[in-house]
Amino acid sequence: MTDVTATDAAVPLAERRAEVLDPSVPLEARRRVIAELETGDPLLRELAYTALPEALVDALIAHPSARVRGDAAERIDLTVAQRRRLLRDPRGEVRLMALDFGGPDLELDEADVDRLVADPRIIVREEVARRSDLSKEHVIALLGDVSGSVRVQVVGRAWRHLDEAARAALLADRHSGIRAAAVLARDEVRPVRPAVASRPGAAGVERAGSPTPQPPTPQPPMPPAGGVIALPA
């Protein structure tokens, strides 16, 4: 049995790193090295956070390992086209990473949102439901989701588009979070009776329905100590 030392193991890694990062090596050869790297290869994790030409990032996005593609989704230098490819990945965890790391400013077209709203993974639908730029149609679609954890995200935004029957259904929903969100949404649109303003001269203003104040009943004077009050003739 051959003894493999740490130095022996480090040499192939250094050679692979040099081949991938050397700009004098043709891009196609560098792409091929990335495609042939196995999931647990430490070079793959290193490449996920290394500045790379767009073609090599494409190679990471096309890697057969979902873990590698998920790491690629964390990159901040992805083009719009690259992130959209990741949003269409067959693995839900990759789609979630692409959506999450894209942030609230991630540009999505209607077809992208249609797919994400109907995504088979609940956690992906939860993430897209948090977006503030959803259309009315997408908000209503998410309100009809089978998962309460998805629906609760859009109750407040959907409320103004609902009729009384739909609102009542949310207030009676079996999911406590949805009932609470519905109460908040209802209270935000419920008219509030204005209070009497506090201003100079307002002390004499009476609230509607308040009883009219009565003057105090005069009390007879108290007799002086040890004496008698003289009554007028």
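Which residues of α14 are buried? They are Ile178, Ala181, Ala182 and Ala185. Buried here means under 20% relative accessible area, exposed means over 50%, and partly exposed lies in between (1.4 Å probe, protein chains only). Seen down the axis of α14, these buried residues fall within an arc of 105°, so they line one face of the helix. The arc is that of the directions from the helix axis to the C-beta atoms.

This is a predicted model: local features need pLDDT of at least 70, side-chain atom pairs count only at pLDDT 80 or more, and totals for chains, interfaces and linings use all residues. Residues are numbered from 1 along each chain as its sequence is written, and side-chain values use heavy atoms, with hydrogens and water left out.

Now take the whole chain. Its secondary structure comes to 14 helices and 0 strands. Helices (H or I, at least four residues) and strands (E, at least two) are DSSP runs, numbered from the N terminus. Of the 233 residues in the chain, 34% are buried.

Start with helix α2 (residues 27-36). Its buried residues are Ala29, Arg30, Val33 and Ile34. Down the axis of α2 they fall within an arc of 140°, so they line one face of the helix. The face of α2 turned away from its buried side carries the exposed residues Glu28 and Glu36.

Next come α4 and α6. Helix α4 (residues 54-61) and α6 pack at an angle of about 5°, with their axes 11 Å apart. Axes are lines fitted to C-alpha atoms, for helices over the stretch in contact, and angles run from 0 to 180 degrees between N-to-C directions. α4 and α6 are therefore roughly parallel to each other. Angles under 35 degrees count as roughly parallel, over 145 as roughly antiparallel, 65 to 115 as roughly perpendicular and the rest as oblique. Glu54, Val57, Asp58 and Ile61 of α4 meet Gln82, Arg85 and Leu86 of α6.

Helix α6 (residues 80-87) also meets helix α7 (residues 92-102). Their axes come within 7 Å and cross at roughly 140°. α6 and α7 are therefore oblique to each other. From α6, the contact uses Arg83, Leu86 and Leu87. From α7, it uses Val94, Arg95, Met97, Ala98, Leu99, Phe101 and Gly102.

Gly70 touches Val94 and Met97, not counting residues up to four places away in sequence. Gly70 sits in helix α5 (residues 66-73). It is buried, with a relative accessible area of 10%. The C-alpha atoms of Gly70 and Leu60 are separated by 9.3 Å, and the two residues are 10 apart along the chain.

Further along is helix α10 (residues 136-143). Here His138, Val139, Leu142 and Leu143 are buried. Seen down the axis of α10, they fall within an arc of 140°, so they line one face of the helix. Their cover includes α8 (110-117), α9 (122-129), α11, α12 and α13.

That brings us back to α14 (residues 176-189). Its 14 residues reach 21 Å from first C-alpha to last, close to the 20 Å expected at 1.5 Å a residue. The expected span is 1.5 Å times one less than the number of residues. The buried residues of α14 pack against α11 (148-151), α12 (155-158) and α13 (164-171).

Key. Contact means heavy atoms within 4.5 Å.
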